[in-house]
Amino acid sequence: MNSIDFNAVAKTLPAAWRSVVVGKVGAANIKVLRMDEQPYAQETHDYNEGLLVLDGELRLQVGPAEIVVEAGQMYLAQAGTAHAVLPGSHGTLVIIDV
């Protein structure tokens with residue numbers, strides 16, 4: 001059995017908001033990154049993206065709505081939905097995408 005300590009991997013990353021692929025499930029990439037309270041520009045994907053917060057908090061702008069995703073919660077960004085990270089997001093984030 002393979003075990004991944006996402007928090008430990010995130011702590012070794014040289015910069016925030018730079019993800020690293022730690023595994024795959026089917027066609028989906030499993031990535032981890034460290035959030036550092038800085039905003040991240042709006043982006044849109046042609047695939048669904050799962051944003052799972054392990055610790056800390058992810059603050060998103062999706063259309064006119066501000067969404068807070070807390071530790072233990074996941075936000076599913078549907079394909080074609082623009083989303084931006086707001087200031088104050090911090091902790092460890094796991095991204096599931098293709």
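Buried means under 20% relative accessible area, exposed over 50%, and partly exposed in between (1.4 Å probe, protein chains only). At 78% relative accessibility, Asn2 therefore counts as exposed. The model is predicted, so local features need pLDDT of at least 70 and side-chain atom pairs count only at pLDDT 80 or more, while totals for chains, interfaces and linings use all residues. Residues are numbered from 1 along each chain as its sequence is written, and side-chain values use heavy atoms, with hydrogens and water left out.

**Overall build**

The protein has one helix and eight strands, in the order α-β-β-β-β-β-β-β-β along the sequence. Its radius of gyration is 13 Å, close to the 13 Å that the globule rule gives for 98 residues, so the protein is as compact as a globular protein of that length. That radius is taken over C-alpha atoms, and the globule rule is 2.2 Å times the number of residues to the power 0.38. Helices (H or I, at least four residues) and strands (E, at least two) are DSSP runs, numbered from the N terminus.

Along the principal axes, the C-alpha atoms fill a box of roughly 45 × 30 × 25 Å. Of the 98 residues, 34% are buried. Among contacts (heavy atoms within 4.5 Å) with a separation of 6 or more, 61% are between residues 24 or more positions apart.

Asn2 lies in the segment before helix H1 (6-12). Its C-alpha atom is separated by 9.8 Å from that of Gly23, 21 residues apart along the chain.

**Charged side chains**

The structure holds two salt bridges, each defined as a side-chain nitrogen of Lys or Arg within 4 Å of a carboxyl oxygen of Asp or Glu.

| Salt bridge | N to O distance |
|---|---|
| Asp97 and Lys31 | 3.0 Å |
| Arg59 and Glu57 | 3.2 Å |

Asp97 and Lys31 meet in a salt bridge. Asp97 lies in strand E8 (residues 90-97) and Lys31 in strand E2 (residues 28-36), so the pair ties together parts that are 66 residues apart in sequence. Both Asp97 and Lys31 are buried. In the other pair, Arg59 counts as partly exposed at 25% relative accessibility, and Glu57 counts as partly exposed at 21%.

Glu49 is found in strand E4 (residues 49-62). Glu49 is buried yet has no salt bridge, and the nearest side chain of opposite charge, Lys31, is 5.9 Å away. The side chain of Glu49 does make a polar contact of 3.0 Å with that of His83. A polar contact is a pair of N or O atoms within 3.5 Å; within protein, one must be able to donate a hydrogen and the other to accept it, and residues adjacent in sequence count only if both atoms are side-chain atoms. Leaving aside neighbours within four places in sequence, the residues in contact with Glu49 include His83, Tyr75, Leu76 and Asp97.

**Positive phi values**

Most residues other than glycine have a negative phi. Trp17 has a positive phi, near 60 degrees. Trp17 is found in the loop between H1 and strand E1 (20-25) and counts as buried at 12% relative accessibility. Glu37 also has a positive phi, near 75 degrees. Glu37 lies in the loop between E2 and strand E3 (40-43) and, at 44% relative accessibility, counts as partly exposed.

Methods. Lys, Arg positive; Asp, Glu negative; His and termini not counted.
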